[in-house]
Amino acid sequence: MKPGHTGWQHLVHSTRYSLKGLRAAFRNEAAFRQELGVCGVLLPLAWWIGQGPVEWVLLVGSCLLVLIVELLNSAIENVVDRIGTERHELSGRAKDIGSAAVMLSLFTAGLTWGLLAWEKFLG
């Protein structure tokens, strides 16, 4: 982005770069595509399961959290791979920590959906 971009120009360019990143993740990251597909199925269900705006935001937000963390993990993996393909303890650790973050976001989403579905159907 050019240094002189401010206001609307900055917003337009930032949006363009963000959409470019989403397209790259969709094209190159199988896990992102899978999680996006699951979110595509779950989000309509959020209107049915969620009993009010707070529950709806928790359900939708937990899906978005998974996608956000997956994007960050993919960014970390790409930077590590860009640096070099040889094995290094710090490179492996960075990738493992990113993977752990995705796992925790999936756990959070599963817990959120599970508890709210439990309350709706069995509570």
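I started with α3 and α4, whose axes come within 9 Å and cross at roughly 170 degrees. The two are therefore roughly antiparallel to each other; angles over 145 degrees count as that, under 35 as roughly parallel, 65 to 115 as roughly perpendicular and the rest as oblique. My axes are lines fitted to C-alpha atoms, for helices over the stretch in contact, with angles from 0 to 180 degrees between N-to-C directions. Helices here are DSSP runs (H or I, at least four residues), numbered from the N terminus. By class, the α3–α4 contact has 15 nonpolar, eight polar and six charged residues. I counted Ala, Val, Leu, Ile, Met, Phe, Trp, Tyr, Cys and Pro as nonpolar, Asp, Glu, Lys and Arg as charged, and the others, Gly among them, as polar.

Housekeeping: this is a predicted model, with local features needing pLDDT of at least 70 and side-chain atom pairs pLDDT 80 or more, while totals for chains, interfaces and linings use all residues. Residues are numbered from 1 along each chain as its sequence is written, and side-chain values use heavy atoms, leaving out hydrogens and water.

Next I looked up Asn-73, which is in helix α3. Is Asn-73 buried or exposed? Asn-73 is buried, at a relative accessible area of 6% (buried means under 20%, exposed over 50%, partly exposed in between, using a 1.4 Å probe and protein chains only). Beyond its neighbours within four places in sequence, Asn-73 is in contact (heavy atoms within 4.5 Å) with Lys-95, Gly-98, Ser-99 and Val-102.

Then α2 against α4: the axes come within 12 Å and cross at roughly 25 degrees. That makes α2 roughly parallel to α4. By class, I get 11 nonpolar, no polar and two charged residues in the contact of α2 with α4. Among the α2 residues that meet α4 are Leu-42, Ala-46 and Ile-49, and the α4 side includes Trp-113, Leu-116 and Ala-117.

Those six names turned up again in the largest nonpolar core, which has 12 residues, including Ala-46, Ile-49, Leu-59, Trp-113, Leu-116 and Ala-117. 

A nonpolar core is a set of buried Ala, Val, Leu, Ile, Met, Phe, Trp, Tyr and Cys residues joined through side-chain atoms within 4.5 Å. Helices α2 (30–49), α3 (53–83) and α4 (89–122) each supply at least two of the core's residues. Leaving out neighbours within four places in sequence, Leu-116 is in contact with Ile-49, Glu-55, Leu-58 and Leu-59.

Last, I checked α1 (residues 7–28) and α2, whose axes come within 5 Å and cross at roughly 100 degrees. That makes α1 roughly perpendicular to α2.
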